[in-house]
Amino acid sequence: MTTEDPRRRIPRTDRVLADPAVHAAGAGLSDATVRGVVGAAQQRARAGEIAPEAVVDAVVAELAGRGASSLTPVLNATGVVVHTNLGRAPLSDAARQALRDASGYVDVELDLATGQRSKRGVAAREALLEACPAAEDALVVNNGAGALVLATTALAAGREVVISRGQFVEIGAGFRLSDLMESTGARLREVGTTNRTHLADYRDAIGPDTGCLLAVHPSNFRVAGFTSSVPLGELRSLADEHRIPLVVDVGSGLLTPDPVLPDEPSLSEALEAGADAVIASGDKLFGGPQAGLLLGRAEIIERLATFPLARAVRADKLTLAALEATLRGGPSPVARALHTDPEKLRERAEALAAAVGADVVPHDGRVGGGGAPGVPLPGWAVRLPEATARALRLGSPAVLPRVHDGACLVDLRCVPQSQDDVLLDAVRRALEGTR
Ligand SMILES: *Cc1c(COP(=O)(O)O)cnc(C)c1O
């Protein structure tokens, strides 16, 4: 007598889909997603990992744990404020609310009073100009790199962008700003050396083919020692002599100088020093959504806004909404984390440490996101056994600590204080799980 092949008992897709429990667990998910989960469970049954009779339960369990998006919220316990791997700047409450409000139909290009079409993004533009009075006009695009490409293409396609060799920045993941600019047809005219560039170097390079002068803040590295660069004011005079625009990429996007970060340039300072257009990211120190900010002289911004490429790097309604709310709402989480009182951090760290029987150690936070390299943000961390780190990352909520020197360090700088209890629970569970 032959025994029946158990694989014959694996329920067919139609039957699994018709099961009321599967139907309920899959509500709110696409048909393709649910079918994918069913297929995976059937495959596990075929491979003998689960019994054929367990397929429905496996599908229900998998669907129950799944949202339509698999991005997992993380408590950032690294002390790194603008953490690239965690999506850079977390949004303020006002910006989060604005995102929800703008996610349906919204008057992004409509004047409700007249019923006529209006200019896109007027409110975000106004908020930027109020926050940065040195600018005559502003344009928001998709991201900082997009802003740079738009500016150099509109002002110098088929011509030359004069830039110092000391400002050739690779922004991460292998992307170099120089490659980016050349990809749309501007030629880079490199001047000076890695450590020193003089006004005469710029002057010698300017000719009939010059499209613009470009100064880039070397945001993620520092050249120390025998160095010199040309102040923006001097570049401004040179640009005036030759009637060419001066573009400045400040990178991180501080609106105004911040005493915590004395070497970090701001949009306002660059404009006051004479930049025709300044460029910054929206989701670094600015503390908002991913965006590229272009502020400057009306005539130049208008040229960029009407250049065809502008349409390809256009900001969406969600970005515009969150950006405006970042400016008009309360302090951004980035600003809070930068200006947290170290004593307050110490108290919170000590409370957490006491509750789990751990030590508090001095720990410097960082700006991160390629900003203010090497600048410490003095604070404190709770030191836990290294093995706790993995348990914390895989916990619910997920917590990302810093692993350093054989220890798991939990820095509260970027954890909202309202989450301290949630963090404590997460640490307790992680410690139990690794004991
Ligand atoms: C981060 C950065 C960019 C790129 O900005 P994204 O918003 O990431 O596209 C460009 N230039 C500088 C100097 C930067 O620091």
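The model is a predicted one. Its protein chain has 435 residues, of which 45% count as buried. The secondary structure comes to 18 helices and 16 strands.

**Overall picture**

- Along its principal axes, the C-alpha trace of the protein chain spans about 95 × 55 × 50 Å.
- Among contacts in the chain with a separation of 6 or more, 74% come from residues 24 or more positions apart.

**Helix α16**

- Helix α16 takes in residues 342-356, which makes 15 residues. From its first C-alpha to its last, α16 reaches 21 Å, close to the 21 Å expected at 1.5 Å a residue.
- The buried residues of α16 are L345, R348, A349, L352, A353 and V356. Looking down the axis of α16, you will find them within an arc of 135 degrees, so they line one face of the helix.
- What do these buried residues of α16 pack against? Their partners are the strands β13 (359-365), β14 (377-385) and β16 (407-411), along with helix α18 (420-434).
- The two ends of α16 have details worth a look. At its start, a side-chain oxygen of D341 comes to within 3.0 Å of the backbone nitrogen of E343. After the helix comes G357, with a positive phi near 70 degrees.

**The annotated N-terminal stretch**

- An unreviewed UniProt entry carries the annotation "domain: L-seryl-tRNA selenium transferase N-terminal" for residues 7-46.
- Helix α3 (residues 31-46) holds both D31 and R35. These two form a salt bridge, with their closest N and O atoms 3.2 Å apart.
- Why are D31 and R35 separated by about one helical turn? Because they are 4 residues apart in α3.
- R35 has a relative accessible area of 41%, so this residue is partly exposed.

**Salt bridges around R297**

- The count of salt bridges comes to 26, taking a side-chain nitrogen of Lys or Arg within 4 Å of a carboxyl oxygen of Asp or Glu.
- One of these bridges pairs R297 with D276, and the closest N and O atoms are 2.3 Å apart. The pair links distant parts of the chain, 21 residues apart: R297 sits in the loop between β12 (292-296) and α12 (298-306), while D276 sits in the loop between α11 (267-272) and β11 (277-281).
- Is D276 buried or exposed? With a relative accessibility of 1%, D276 counts as buried. R297, at a relative accessible area of 33%, is partly exposed.
- R297 also meets E299 in a salt bridge between their side chains, at 2.9 Å from N to O. E299 is partly exposed as well, with a relative accessible area of 44%.
- Which residues belong to the network built from salt bridges that share partners? R236, D240, D276, R297 and E299 are joined into one network in this way.

Key
Residues numbered from 1 in each chain as written. Predicted model: local features only at pLDDT ≥ 70, side-chain atom pairs only at ≥ 80, totals over all residues. Heavy atoms only, no water. Expected span 1.5 Å × (residues − 1). Buried < 20%, exposed > 50% of the residue type's maximum accessible area, 1.4 Å probe, protein only. Arc of directions from axis to C-beta. Contact = heavy atoms within 4.5 Å. Polar contact = N/O pair within 3.5 Å; in protein donor to acceptor, adjacent residues only side chain to side chain. UniProt positions renumbered as here; feature names shortened; annotations may be inferred.
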